[in-house]
Amino acid sequence: MSPARCSHFALLLGLASLVLGCQKTEEHPPYEAACVKNCAVLPGISLSPGTGNAAGGGGGTPDSDAGTGSLQGHVLLLTDDSFVRAMPYTGEATVTADGATGTPVSGTWNGSDPTALFSLEGIATLATSWVSIKPTLVGGDALPTYEAVQTNRVSNVDLKLVAASTLDGIFSSVSTLRSPDSGQVVLFFQSAGTGAALSGLHVTMPTSQAGIYAVDRGWVLDDGTALTNQSGLVVFGNVEPANSNGTQTVSVARAATATTPATPAGQFTVKVVQGAVTIATVNVQL
């Protein structure tokens, strides 16, 4: 697994004709080619000491104080199980985010023209918006994907699609099968202070069939003692159908040391959709 990452999703693109960028924090800048290394770190989902933070996205009702914004960018296909490397998605896709009026806002990605951007206007500006990327091709390798985007801070973003073949390889490595009717969740854990990936965390999602942790030479199925490695990467497999809010709760704990017991770090909620993948970066306050 490669630990190098831009906000845990740095994209190492060796493309001669197109350089794609990481998320930008400017208010409404023109879209521009951007970083492949030394990228600015953006905060991810924040932990709550209680039952988890509220999460919008994918057609939910935005917070009453949500403003109105826009979102534009490229759609990429993640190419391996680091969930870091990517290439432009050459198919068509529909991108959808929560609208400021409560009605979802959608735009189209035309993969045959990599210079064209998807564009959404009138979106809700939220701390966590679960933006949906749905490939037009049904049954292809690219799965419908929901990505956590800070639409209150980001107007330019490269959204990522996860491949079924990538997930199947991970499941196979731990002798488990992926259910195409369940939700799958890919999470990166980082320091809230520095943005560095965090090792030594134990993460649980009771509604998932399998917690699969990245290790130095592959993956390991959680037996109750697994910990994040230097990538901070965990995959939750075959997640039960979401609750009435369309979300599920994840709990995070710091591992015990020689002198201290394991310590709860907090909880957060993630969007879960049957037959789709959710991908997000999560802040942990140390």
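This is a predicted model: local features need pLDDT of at least 70, side-chain atom pairs count only at pLDDT 80 or more; totals for chains, interfaces and linings use all residues.
User: Are Lys 160 and Glu 147, whose side chains meet in a salt bridge, buried or exposed?

Analyst: The two side chains meet at 2.8 Å, N to O, and the pair links distant parts of the chain, with Lys 160 in strand β11 and Glu 147 in strand β10, 13 residues apart. Buried means under 20% relative accessible area. Lys 160 has a relative accessible area of 3% and Glu 147 has 2%, so both residues are buried.

User: Which parts of the chain does the salt bridge between Asp 168 and Arg 178 tie together?

Analyst: The side chains of Asp 168 and Arg 178 meet at 2.7 Å, N to O, and Asp 168 is partly exposed, with a relative accessible area of 33%. Because Asp 168 and Arg 178 are 10 residues apart in sequence, the pair ties together helix α1 and the loop between α1 and β12.

User: Why is one side of β4 and of β9 left without a neighbour in the sheet?

Analyst: Four strands form an open sheet with mixed pairing, in the order β4-β3-β11-β9. Within this order, β3 (residues 75-78) and β11 (residues 159-163) pair in the parallel sense over three bridges, with Leu 77 opposite Leu 161 in β11. One side of β4 (86-88) and of β9 (142-143) has no neighbour because each stands at an edge, with a single partner strand.

User: Which strands of the sheet does helix α1 touch, and what angle does its direction make with that of β11?

Analyst: Helix α1, residues 164-173, packs on the sheet and touches β9 and β11. The direction of α1 makes with that of β11 an angle of about 55°.

User: How many residues does the largest nonpolar core have?

Analyst: Among the residues with the most contacts inside this core are Leu 187, Phe 236 and Val 252, and the elements that give two or more residues to it include β12 (183-191), β16 (233-239) and β17 (247-254). Leaving aside neighbours within four places in sequence, Phe 236 is in contact with residues including Leu 187, Val 203 and Val 250. A second, separate core of 22 residues includes Phe 83, Leu 167, Phe 188 and Ala 214, while the largest core has 27 residues.

Definitions and conventions: Residues are numbered from 1 along each chain as its sequence is written. Side-chain values use heavy atoms; hydrogens and water are left out. A nonpolar core is a set of buried Ala, Val, Leu, Ile, Met, Phe, Trp, Tyr and Cys residues joined through side-chain atoms within 4.5 Å. Buried means under 20% relative accessible area, exposed over 50%, partly exposed in between (1.4 Å probe, protein chains only). Contact means heavy atoms within 4.5 Å. Two strands pair if DSSP finds at least two bridges between them. Axes are lines fitted to C-alpha atoms, for helices over the stretch in contact, and angles run from 0 to 180 degrees between N-to-C directions. A salt bridge is a side-chain nitrogen of Lys or Arg within 4 Å of a carboxyl oxygen of Asp or Glu.
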